[in-house]
Amino acid sequence: MSFLSIQNLHKSYGGTAIFSDINAEIEQGEFVTLLGPSGCGKSTLLRCIAGLTEVNGGKILLGGEDLVPLSPQKRGIGMVFQSYALFPNMTAAQNVAFGLRMQKVGKEESAARVQEALAMVELGDFAGRYPHQLSGGQCQRVALARSLVTRPRLLLLDEPLSALDARIRKHLREQIRSIQQELGLTTIFVTHDQEEALVMSDRIFLMNAGRIVQSGDAETLYTAPVDAFAAGFIGNYNLLDAPTASRLLGRPVNGQVAIRPEAIVLGQGPISAIIRSHSLLGNIIRYRVDAGGVELLVDVLNRSADDLHANGHPISLDIAANAVREVA
Amino acid sequence: MSRADVPAASLYHRVVVWLLFLILLLPLAGTLLYSLATSWSATILPDGLTFKWYLELWGEPRFLKAFGQSLLVCFGALALSVALILPLLFVVHYHFPKLDAVMNVLILLPFAVPPVVSAVGLLQLYGSGPLAMVGTPWILIGCYFTIALPFMYRAITNNLQAINLRDLMDAAHLLGASTWKAAFVVVLPNLRKGLMVSLFLSFSFLFGEFVFANLLVGTRYETLQVYLNNMKNSSGHFNSALVISYFFFVLVFTWAANRLNRDKA
Amino acid sequence: MSAIHKPRGKWLALLCLLPFALFFFAFQVAPLIWVALNSLNTPDGWGLGNFEKAFASKFYMQAVKFSLQIAFWSSVFGMLIAIIGSYSLRQVDSKLRDFVIAFSNMTSNFAGVPLAFAFIILLGFNGALTLLLIQAGLIDSFNLYSKNGLIVLYTYFQIPLGVLLLYPAFDALRQDWRESAALLGAGTWAFWRHIGLPVLTPALLGTFVILLANALGAYATVYYLTTGNFNVLPIRIAAMISGDISLDPNMASALAMILVGLMAAITLVHQLLLRRSYHVPR
């Protein structure tokens, strides 16, 4: 029996179903990401697990205990919000200590644990600062410390990095992941950023329109998307319908296919194409090529400026058979 | 938070809000009923209903005169306010933005100093001598200007900040307009909403003003509120009709201000 | 910076300020200066004689006492009702909420003489509400024309002002604070005690001060109700500058300065309290 077991969960609002019949099993110590576009239900699902939103049916079993009838106060779950939700009238230390205060932990033990939690997020010296004196990244780290100090059984993070700028986001990503691994804390992370999901997670649940479309580790989701939506959401797959694909590959094809841009080899092969344009994405050059009327994205490592193919230049392509993935 | 769980407002909250509404409604409702009653004394409900009090009221020349004089004074004050405050606002926000802080303190004065206190000084300064205007509508117009000032200054300032005065003026200048022309043709039309809203709100406030009207002018230029006070000893039904008519008139104005506010939002 | 900032332009602009400054000075500042100066104008020359006389007089001190008591209690009750009302207003659907808020703003225009009149009808000796309450056995009698009656009346017109000021203050309470507090183990009571009330305190204090000032300076309502016969500061001041007997503008000025002084003192206390309580920077 998994540590967290979601069974037949459904939630509607005003007659419309947000999600229905969601099932998921999550092991203890796993870092799971709920990934999907806006409106797919991932945040609502998270809030249902936290108890902030009522469910209309189903069970959420944590360590064998059904959470659904419990109030948020009693679930033993920690949560980090996108907007930090730090209490403005308390210092960082007081914010972190709040959960311990509610648990009636003694002053000395509380102070020690608060210090420890703040040190863990590298904010030991900022204990006396108020939220308005902290940057966004610092606020989020305090929020993380606050949710960890009470030793929750489950940690939920609702798009915690979306409000931060790119550099801080990368740094915090690593910090969250390393703390999680160090503590062995079961964690559910919600994001719409597929790169974040791929980098941080043990497993990803890809959601769309209230359904879990695919679940699996990063490698599986990236290389073996189960349908057109999954292929379109993760990575920059070239999606082709059957007739177009047949024409391109010179062999019959059963259904829609997805081809990863980095799987196409430039400069050799049977397919003739013309370079239409290119974009420099740092360490990758992304070419837009026209292969007999079929537009393809091709990603090539930016090894040296000499390798750059000019626009309008004819080029040959090779697409290996195992790079072509049939999707529903 | 469109998908977030918004529980149907619990019964408690709805009851509280309705109670609040009822508390606020009660005096109004009581007066309305009284104005429509044939007679009503020492009983919980009136004896009968009639429109005769309203007919009597609106046929009463002294009432109509008071009504008209109230309107005149209020409109006069508002016209004066517009003439004084609009140039003030433009000059402050365009030429001397630092003065805005000073202005924000100054407009606290009408709030911080109760009208009774000002009345003491006003009666002495303008009661006699070269500037004698006590007992005339002129002193009321002057005082009402100070009352309307905070409302108008704040509302139009917000409006000016929203339209980004500097950029508008710079654009107009670059296109060849002089400062005067730009102010009239470009800025003024954009202030319409803020101006209208503050005018309506100020009017509602001024129309109900009693302190200055009674202490500085009294019956020599009887406004509606003073008339109401002077009629204290006549029929309660008549007075009720008077109050309701006054309130209804103000209601229409406040409603118009609300409508404009919503359009702005 | 604009291209047209020649010195001549600036002087012209200053000239435009002149009419405003003139009127503002004439009708707002000058009277205040007159009052301040002439409060020191005693029959024995310049000095604090008027103030000494005021503080020694039982009658004038009673006016101060009644003013403060009525202002205090009406503000307390008005605020309590406004807090409970505003909080619930935030929780109901927008149609009901917009309607009641608009209605509340409307009724603030009802203040002054019309309100006093309406209360006489409802709660006067033969008022419908008075009779109803007596018949229901809730009270023996009700004297609207007493201090307690005035407190009820003042409370009434404090409510719309309180709602107007407090309703937006509840905006400051973010939903996610409530949620994260819940997940950390705080129930409703703990939330309000540790987070809700502390965050609201500046707004609550500020509103209370405004309500106090509003009640202290109120004249029309009590004048109409008691025909100028109830002993509160505004009535005392007005009685000495109008009417037939005992005109004493200098004494009136002294009392007026006491009134303004009270309001200034309240504002001072408010600022001190603000500094000591938690303050949310915007």
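How many residues does the contact take from chain A and from chain C? Read on through the legends of this predicted model, and the first view will tell you.

**Figure 1. Where chain A meets chain C.** The contact takes 19 residues from chain A and 17 residues from chain C. On the chain A side, strand E6 (77–80) and helix H2 (92–102) of chain A are the elements that give two or more residues. If you sort this side of chain A by class, you will find eleven nonpolar and eight polar residues, with no charged residues.

**Figure 2. Where chain B meets chain C.** Here 65 residues of chain B are in contact with 67 residues of chain C.

**Figure 3. Inside the largest nonpolar core.** This core holds 158 residues, and Tyr144(B), Ile237(C) and Ala256(C) touch the most other members. Let us look at one of these, Ala256(C). Leaving aside residues up to four places away in sequence, Ala256(C) touches Val116(B), Val117(B) and Val120(B) from chain B, along with Val35(C) and Ile237(C) from chain C. Another core, of 95 residues, lies apart from the largest one, and its members include Cys48(A), Ile176(A), Met207(A) and Ile264(A).

**Figure 4. The fold of chain C.** Chain C has twelve helices and two strands. Followed from the N terminus, its elements run α-β-β-α-α-α-α-α-α-α-α-α-α-α. The radius of gyration of chain C is 24 Å, well over the 19 Å that the globule rule gives for 282 residues, so chain C is more spread out than a compact globule. Its C-alpha trace spans about 75 × 70 × 35 Å along the principal axes. Of the 282 residues in chain C, 43% are buried. Among the contacts in chain C with a separation of 6 or more, 72% join residues 24 or more positions apart.

**Figure 5. Confidence along chain C.** Chain C has a mean pLDDT of 88, with 95% of its residues at 70 or more. Among its elements, helix H3 (residues 58–91) of chain C has the highest mean pLDDT, 94, while helix H6 (residues 128–135) of chain C has the lowest, 83. The model as a whole scores ipTM 0.85 and pTM 0.81.

Definitions and conventions. Residues numbered from 1 in each chain as written. Chains lettered and ligands numbered in written order. Predicted model: local features only at pLDDT ≥ 70, side-chain atom pairs only at ≥ 80, totals over all residues. pLDDT = per-residue confidence, 0-100. Helix = DSSP H or I, 4+ residues; strand = E, 2+ residues; numbered from the N terminus. Core = buried A, V, L, I, M, F, W, Y, C linked by C-beta atoms within 7 Å. Buried ≥ 20, exposed ≤ 12 C-beta atoms within 10 Å, placed from the backbone. Contact = placed C-beta atoms within 7 Å. Nonpolar A, V, L, I, M, F, W, Y, C, P; charged D, E, K, R; others polar. Rg over C-alpha atoms; globule rule 2.2 N^0.38 Å.
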